[in-house]
Structure formats: C-alpha cells, structure tokens
Amino acid sequence: MRSIWNGAISFGLVSIPIKLVNATESHSVSFRQIHTEDGGRIRYRKVCELEDREVTQAEIGKAYEDADGSMIPITDEDLSQLPIPTARTIEIVAFVPEERIDPLQMGSAYYLAASGAPAAKPYTLLREALKRSNRVAIAKFALRGRERLGMLRVVGDAIAMHGLLWPDEVRAPEGVAPEGGVTVRDQELDLADALMDTLGEIDLDDLHDEYREAVEEVIAAKAAGETPPEAREEAAPGKVLDLMAALESSVRAARESRGGEESEAAGPDEEAEVRTLPQRKTSSRRAPKETGGKKSTSTAAKKTAAKKAEPQKSTVKSGAPAKKTAAKGTAKKTPGKSATDKSTAGRSTAGRSSTGKSTTGRSAPKSAAKKTASRGRRSA
C-alpha cells in the first residue's frame with residue numbers, strides 16, 4: 001500500500017517513525033459526464049473570470065473570501081510559518097477507554113506502518129501497551145493543511161488511527177426527537193425484544209453492496225450490446241396503523257426467514273383459521289357426492305327389481321309348473337279378483353263340485369272359473 005504521509009508518533013520521549021496509509025477503499029462506480037448527442041466528454045476547465053481564459057495549475061493559488069466578497073490571498077509560506085507542532089508528528093495527548101469516544105466523531109481510518117527497522121521495537125511497545133490497558137490513544141496530527149484529532153487503537157498486529165471530528169464539529173440533536181409525550185407499553189417492548197432476539201447477529205463479512213453489483217451488471221450488459229436486466233418490483237411499505245400487529249408480523253416473518261418457526265409465532269386465532277379453511281372446502285365438495293349417491297342407489301334398486309321380474313316372465317313361458325307358480329304370484333298380488341271369482345262360482349252352482357272347489361282354492365284365473373260354472377249347470 002502506498003503511504004500518503006510520513007512522520008512519527010510522539011509517545012512521551014519516545015519517537016516512532018511511521019508511514020500513514022489508507023485503511024479503507026471505495027468500490028463505488030464512478031461516472032463521467034458526456035454530451036448526450038455525440039458522446040463527447042464534458043470537462044471542467046479552470047478559467048479566470050477577469051481575463052476569460054483558461055489558466056494552468058501553476059497559476060492557481062489560495063485565497064480567503066471575506067464577508068464583503070473580497071479575496072485575501074494566502075500563500076504556502078504564510079501557512080508554513082504557523083506554529084503547528086504536529087506538522088510531521090502524531091502527538092499522543094491522552095489514553096482513554098474506547099467507550100468514551102462518540103461514534104459520531106469517527107471519520108476516515110488509516111493504518112500506521114513502522115518505517116524501517118529502528119521503529120519496530122517502539123512500535124511493538126506501543127501496540128502491546130494499548131492491548132494490556134484496554135484503552136485507546138487520543139492524538140493530534142496535521143494532514144492536508146489542517147490540524148486534526150485522531151484515535152489510535154490496535155487492529156490485529158497493527159496500529160490503526162481513526163480521524164476524529166473536533167467536539168465542536170458535532171451538532172447537538174436538538175429538534176430531532178419527536179415532540180410530545182409518547183408512551184410505550186410493556187407488551188410492545190416485549191415484542192421489540194423478541195424481534196431483536198429473532199434477528200440475532202450477523203457476520204458483517206456477509207454484507208455486500210447490492211446497488212454497486214446491479215450497476216456493474218447494467219454496465220456489462222450495455223457493453224455486450226444486451227438489454228440491461230430489469231429491476232424487481234418491491235412492495236411499497238404500508239402505513240403502520242397498529243404497532244402491536246406490525247411487531248407481531250415482523251417477528252413472524254423474521255422467524256420464517258431464520259428457520260421456519262412460524263408455528264411458535266402464530267397466534268391461536270390464526271391457527272384456527274388455517275384449520276377451518278380446508279373443512280369448508282371439503283364439506284362443499286361432499287354435498288354433490290352424497291346427492292349423486294342417492295340417485296345411483298335408487299337406480300340400482302330399480303334395475304334389481306327389473307332383473308327379478310325378468311326371470312318370472314321367462315318362467316311363465318317355459319311350461320306347466322311355471323304356470324302354477326305364475327298363478328300363485330298373481331293370486332297374491334290380486335286378492336280382490338280371486339274372492340270375486342269364488343263368490344260367483346258359488347252362486348251359479350247348485351251343489352259344489354269337487355272340481356270347482358279345488359279350482360277356486362287354488363285362486364285360478366277368471367277364465368277357469370267361468371268354465372267351472374258352466375260345468376255345474378250341465379250336471380244340474
């Protein structure tokens with residue numbers, strides 16, 4: 001890594017030669033401005049307003065703009081004569097617990113590398129002293145023309161320095177918090193705690209810049225002459241009408257995404273609804289089946305009765321025994337007719353003959369009763 005500043009750490013009477021290198025790097029995609037009609041680059045040129053011409057870097061200096069708009073020139077010689085003891089030195093002024101540092105003050109991060117073999121021993125001494133004390137060092141240093149505040153801490157086997165804002169550069173949070181008394185119930189706090197426990201921790205190494213990756217995909221597609229991928233539509237967040245319901249839904253969604261623990265997060269009413277829906281669908285489907293079953297049963301009964309009647313007809317056609325059977329069946333079905341034939345035969349015959357009695361007793365057909373009556377007249 002290329003150093004951006006060379007100097008020394010002043011640790012009491014101990015001086016540690018170091019090199020300052022950037023500890024972070026930006027991976028954001030940068031763009032150039034172009035003329036949309038022909039694709040030509042748009043560049044910024046430094047032009048003098050009085051002479052209306054472009055000037056070189058050597059012709060450019062510094063100036064302070066006063067309140068009335070007048071410019072007060074400031075040269076590098078003016079700045080070099082300023083009494084800044086930290087011009088080339090990182091001067092440690094105190095050691096404090098890390099909790100004392102407000103994260104709002106933290107800015108750019110740098111690594112401090114030992115410069116040469118003579119710096120190895122004091123560098124290691126400072127590193128181990130910071131480790132054993134569990135504290136950080138507060139230092140002052142000058143970089144890019146101004147004095148800055150820094151915090152030195154141990155990262156692995158190296159010493160890192162975070163640029164800090166001066167305390168008067170951090171604004172007070174006045175007018176930021178919601179006005180008026182807002183009361184939070186214990187149940188809401190319990191659900192918030194449950195949501196925090198469900199989300200749990202995450203490995204920061206797994207996080208990545210999805211926007212930058214999407215921009216790179218668009219650039220790659222355009223470079224290959226392909227259509228850029230379409231962005232997926234995300235549901236717009238709804239208004240929070242019920243804080244408790246929103247918290248419960250958040251806990252349930254977090255548990256589903258973390259391991260499918262939906263059953264533990266779902267309430268009893270929601271489980272009842274899940275069980276009720278299939279029953280309604282089943283009952284509505286069974287009704288037509290039962291009706292259809294009744295129809296099929298009655299139809300089958302009719303077919304069975306018809307099948308039972310067919311053998312009787314075929315038996316009547318086959319011979320004499322079948323006729324007796326058919327005659328008995330007819331007599332059972334039409335008892336009124338048999339009684340009428342029997343009374344008629346009794347009135348027309350003066351003395352009952354054995355033939356007529358037997359015929360009537362067997363419930364013979366009407367034609368057989370008439371023949372018996374005529375035979376009785378002849379014998380009389």
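**Legends to close-up views of the predicted model**

The accessible surface of the protein comes to about 30,200 Å², and 53% of that area belongs to carbon and sulfur atoms. The model shown here is predicted.

View 1. The protein contains 11 helices and 11 strands, and of its 380 residues 17% count as buried.

**View 2. A closed barrel of 7 strands.** The strands follow one another in the order S1-S2-S8-S11-S10-S9-S7, and their pairing is mixed. Averaged over this sheet, neighbouring strands are turned by 40 degrees against each other, with direction ignored. Helix H2, which spans residues 120-133, packs on the sheet and touches S1, S2, S7, S8, S9, S10 and S11, while its direction makes about 85 degrees with that of S2.

**View 3. The parallel pairing of S1 with S7.** Strand S1, residues 3-11, and strand S7, residues 89-97, are joined in the parallel sense over 3 bridges. Within this pairing, Ala 8 stands opposite Thr 89 in S7.

**View 4. Strand S8 between S2 and S11 in the barrel order.** Strand S8 comprises residues 106-114, and S2 pairs with S8 in the antiparallel sense over 5 bridges; S8 and S11 also run antiparallel and are joined by 5 bridges.

Conventions: Residues are numbered from 1 along each chain as its sequence is written. This is a predicted model: local features need pLDDT of at least 70, side-chain atom pairs count only at pLDDT 80 or more; totals for chains, interfaces and linings use all residues. Side-chain values use heavy atoms; hydrogens and water are left out. Two strands pair if DSSP finds at least two bridges between them. Helices (H or I, at least four residues) and strands (E, at least two) are DSSP runs, numbered from the N terminus. Axes are lines fitted to C-alpha atoms, for helices over the stretch in contact, and angles run from 0 to 180 degrees between N-to-C directions. Contact means heavy atoms within 4.5 Å. Buried means under 20% relative accessible area, exposed over 50%, partly exposed in between (1.4 Å probe, protein chains only). Accessible areas come from the Shrake-Rupley method with a 1.4 Å probe; for residues, only the protein chains shown count as cover.
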